[in-house]
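Student: Could you take me through this model with a close look at its aromatic pairs, and then at the places around them where the backbone or the surface calls for comment?

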Amino acid sequence: MTDHKTISLAIQGGGSYGAYGWGVLDRLLQEPGLQIDALSGSSAGAINAVVVADGYAHGGGREGARRALDLAGPTLEGPLTLNPLRHFLAATIDFERVRACEELQLFIAATNVRTGTGKLFRRDEMDVQRLLASACLPTVFAAVEVDGEMYWDGSYVANPPLAPLMAHGDGTDVVIIQNNPIARPDMPRTVADIANRANEIAFNISFVREVSAVQFLGSATDEMRGAGATPAAKFLHLISGNEHLAAHGISAKFSAEMPFLQHLHDLGVASADTWLKENGAHLGVRSTLDPIPVFYADR
């Protein structure tokens with residue numbers, strides 16, 4: 001890549017698989033020809049997005065964002081009680097700095113438990129409560145209250161949110177970081193694996209629907225219409241970890257082992273590096289989104 005390109009990044013959730021997204025971000029932030037103008041995310045993807053904004057703010061730029069991601073890597077662990085996660089995020093992320101990060105737009109999804117619709121939290125209102133709401137898996141955490149409403153994980157309605165990037169991003173390209181496997185080679189057998197696979201399927205339904213709506217219909221899904229986003233034409237791209245991540249058991253999504261997280265990070269770096277070499281020249285020119293990891297993942 002030689003020309004300057006402005007992109008928006010949409011980052012999926014997926015428990016500790018968010019470490020793959022961390023690696024992708026790490027590599028993209030090292031690419032001198034890339035400028036990031038906006039990020040969206042749900043769950044672990046929301047944590048990644050907010051951490052990038054924290055590190056990017058006040059002149060920190062890409063290197064500041066990379067350092068912040070390295071420090072926050074442990075937040076991509078498995079199930080934690082709500083209070084430790086709250087304390088860790090509050091201690092790790094400077095939310096005042098995030099809210100003041102004028103260099104980046106930020107769109108974080110959560111699911112309103114009462115209405116079943118999506119809610120987008122923006123950068124200028126971001127705090128620990130809203131980030132917890134986006135990452136609130138109901139089988140692990142209690143629902144999170146924000147302004148009198150209760151919220152669960154944003155991945156149920158947008159994993160990750162695409163519509164706000166299509167509508168508000170300044171660049172011509174939206175790059176999706178996919179780290180939530182769609183197809184699995186094995187049948188879940190334990191109660192925990194069955195519950196986790198059920199959530200994984202639900203999260204992927206929202207992803208496939210929104211990609212379909214944006215790519216083929218040029219509009220937002222019903223769940224996200226309430227957020228007031230009306231997409232414009234953009235080029236879509238996908239950096240997918242499906243092939244690597246599906247090889248790990250579902251329980252690996254809750255692994256808190258740092259060597260495993262570092263392994264996923266390194267896979268993300270390698271995937272992003274390969275993607276840049278193969279598709280970087282197409283940014284600003286055409287979409288390169290491969291439909292197979294989205295619509296035909298069982299192949």
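Tutor: The chain has 12 helices and 8 strands, and the model is a predicted one. Of its 299 residues, 57% are buried, and the accessible surface comes to about 12,000 Å², with 52% of that area belonging to carbon and sulfur atoms. Among contacts between residues at least 6 apart in sequence, 79% join residues at least 24 apart.

With that as background, we can turn to the aromatic rings. A pair of aromatic rings is described by the distance of the centres and the angle of the planes. The count here comes to 2 aromatic pairs. In one of them, the ring centres of F121 and Y151 lie 5.6 Å apart and the planes stand at 75°, so this pair is edge-to-face, the angle being over 60 degrees. Because F121 belongs to strand β4 and Y151 to strand β6, the pair ties together parts that are 30 residues apart in sequence. F121 has a relative accessible area of 1% and is therefore buried, and Y151, at 5% relative accessibility, counts as buried too.

The other pair is formed by Y156 and F203, whose ring centres are 4.8 Å apart and whose planes are at 75°, so that it is also edge-to-face. Here the partners come from distant parts of the chain, with Y156 in the loop between β6 and α7 and F203 in helix α8, 47 residues apart. Y156 counts as partly exposed because its relative accessibility is 23%, whereas F203 is buried, with a relative accessible area of 7%.

Helix α8, which spans residues 191-217, also holds N196. This asparagine is buried because its relative accessible area is 14%, which is under the 20% limit. Leaving aside its neighbours within four places in sequence, N196 is in contact with I250 and F254. F295 is located in helix α12 (residues 292-295), and its relative accessibility of 25% is the reason why it counts as partly exposed.

Next comes the backbone. Most residues other than glycine have a negative phi, and most peptide bonds are trans. Against that background, the peptide bond from N159 to P160 is cis, with omega near 5°; P160 sits in the loop between β6 (149-153) and α7 (163-168). S43, although not a glycine, has a positive phi of about 55°, and its place is in the loop between β2 (34-41) and α2 (44-56). D147 likewise has a positive phi, near 50°, without being a glycine, and it lies in the loop between β5 (144-146) and β6.

Technical notes
Residues are numbered from 1 along each chain as its sequence is written. This is a predicted model: local features need pLDDT of at least 70, side-chain atom pairs count only at pLDDT 80 or more; totals for chains, interfaces and linings use all residues. Side-chain values use heavy atoms; hydrogens and water are left out. Helices (H or I, at least four residues) and strands (E, at least two) are DSSP runs, numbered from the N terminus. Buried means under 20% relative accessible area, exposed over 50%, partly exposed in between (1.4 Å probe, protein chains only). Contact means heavy atoms within 4.5 Å. Accessible areas come from the Shrake-Rupley method with a 1.4 Å probe; for residues, only the protein chains shown count as cover. Rings of Phe, Tyr and Trp (its six-membered ring) pair if their centres lie within 6.5 Å; planes under 30 degrees apart count as stacked, over 60 as edge-to-face and the rest as tilted.
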